[in-house]
Amino acid sequence: MLYANRLSALLWVIFLGFGLIALADEKPCTLHHEGKYYDLNPLKASQDYEFKTPGGHSFYLNVCRRMTTDPWSMGVPDNVDVAGIVRKDHHDFAVGLVNTTLEMREKGLMLHLSNGSPCPEEDNIYGSSSIRFLCDASVYGAGKPVVISQFPEDDNQACQYTVEWQTHFACPTGERGLISGIIVSLVITMMILLMLLIVSSTLYNRFVLRKRGFDQLARPSKAHLLELVDFCMELFRSTVDNVRSSGDRWARLTRDLNPTSHHWSSRDEEQAMMVADPLEDDHDRELQDTNVWRNDAVDRSHGADDLGSVRS
């Protein structure tokens, strides 16, 4: 019963934690304004939106993410996230980098893009664009952006663009609150716990209770759950005890070990190698016997010379 109470308390903590995390995670491209909630994330697309400039050049644009069209000769670093380009006659012109901060203006949501390609014949001025999203519930799908102005007006010299986009995604929408966040987190957590319970119960029935066939399948019940919790707690305690005892044995071994006992002198190594090699011992004994025989022969020869000199 104690384990069941602790498990219940732990589950509630997990549920509330997931709910608070879901609530605190503010998505980009969203805006709260006068009690209403706006979300342009559904406009993110795997393929860029394509439309035309007043002069007929292709305009590629994406929302709240980098564009997917391969650009060429934009005059911007390769490691930046470009939100859109205008494909001009001899190069691509970046109209701004990705921005996920929305603003509310009188006519609707505004998204400003800046720091694009260097403007032609201008120093320290870079391509930019302003996208105005207008709420239109009658527009089916994402809608289509339209360039309503550019500066300068010449298409090849244009550096700043104003785009208008009518879409129902620019209308206020419902925001997921605390209760809904907790409910979603609760459902996800319950599904994960249910899967873990089924897997662990099946393994327990098969390897601990030695059941086979359909008997090894999980059959959740209060008694079985408590038995499984007790087994897991006992297994955890035994694992901790084994790790702790192994650590104590290793600590004692390293404490009692004399580090100098592993370092031999050159003389000790030589003697140990001589003792360990029986072939060298036999060879040394043969040399020693040969030296003794030679010494005896020399002594006998010297003795014979001395005797001859006495007789003479």
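1. Buried means under 20% relative accessible area, exposed means over 50%, and partly exposed lies in between, with a 1.4 Å probe and protein chains only. At 47% relative accessibility, L235 therefore counts as partly exposed. L235 is found in helix α3, where helices (H or I, at least four residues) and strands (E, at least two) are DSSP runs numbered from the N terminus.

2. This is a predicted model, in which local features need pLDDT of at least 70 and side-chain atom pairs count only at pLDDT 80 or more, while totals for chains, interfaces and linings use all residues. Residues are numbered from 1 along each chain as its sequence is written, and side-chain values use heavy atoms, with hydrogens and water left out.

3. Overall content. The chain holds 5 helices and 11 strands. Of its 312 residues, 26% count as buried. Contacts (heavy atoms within 4.5 Å) with a separation of 6 or more come in 48% of cases from residues 24 or more positions apart.

4. Disulfides. A search of the whole structure finds 3 disulfides, a disulfide being a pair of cysteine sulfur atoms within 2.5 Å. With bonded cysteines counted along the chain, the pattern is 1-2, 3-5, 4-6.

5. C29 and C64. The sulfur atoms of this disulfide are 1.6 Å apart, and the link is left-handed, with -115° about the S-S bond. C29 lies in the loop between α1 (2–24) and β1 (30–33), and C64 in the loop between β4 (58–61) and β5 (82–87), so the pair ties together parts that are 35 residues apart in sequence. Both cysteines, C29 and C64, are buried.

6. C119 and C159. Here the S to S distance of the disulfide is 1.5 Å. The loop between β8 (108–113) and β9 contains C119, and the loop between β10 (145–151) and β11 (160–167) contains C159, so parts 40 residues apart in sequence are tied together. C119 counts as buried because its relative accessibility is 5%. C159 is buried too, at 5% relative accessibility.

7. C135 and C171. The sulfur atoms of this disulfide are 1.9 Å apart; the link is right-handed, with 95° about the S-S bond. C135 lies in strand β9 and C171 in the loop between β11 and α2 (178–207), so the pair ties together parts that are 36 residues apart in sequence.

8. C232. This cysteine has a relative accessible area of 38% and is therefore partly exposed.

9. Strand β9. S130 is placed in strand β9, residues 128–135. The side chain of S130 makes a polar contact of 3.1 Å with the side chain of H112. A polar contact is a pair of N or O atoms within 3.5 Å; within protein, one must be able to donate a hydrogen and the other to accept it, and residues adjacent in sequence count only if both atoms are side-chain atoms. Not counting residues up to four places away in sequence, S130 touches M110, L111, H112, Y161, T162 and V163. S128 also lies in β9 and counts as buried, at 18% relative accessibility. Beyond four places in sequence, the contacts of S128 are V95, L113, S114, C159, Q160 and Y161.

10. Strand β10. V146 lies in β10 and is partly exposed, with a relative accessible area of 45%. Leaving aside neighbours within four places in sequence, V146 is in contact with T162, V163 and E164. The C-alpha atoms of V146 and W165 are separated by 6.3 Å, the two residues being 19 residues apart along the chain.

11. Nonpolar surface patch. V199, L203, F207, V208, L209, F231 and L235 make a nonpolar surface patch of about 590 Å². The elements giving two or more residues to this patch are α2 and α3 (222–256), and the largest share, 3 residues, comes from α2. Patches are made of residues with over 30% relative accessible area and no salt bridge, with like charges joined within 9 Å and nonpolar side chains (Val, Leu, Ile, Met, Phe, Trp, Tyr) within 5 Å. A salt bridge is a side-chain nitrogen of Lys or Arg within 4 Å of a carboxyl oxygen of Asp or Glu.

Notes. Accessible areas come from the Shrake-Rupley method with a 1.4 Å probe; for residues, only the protein chains shown count as cover.
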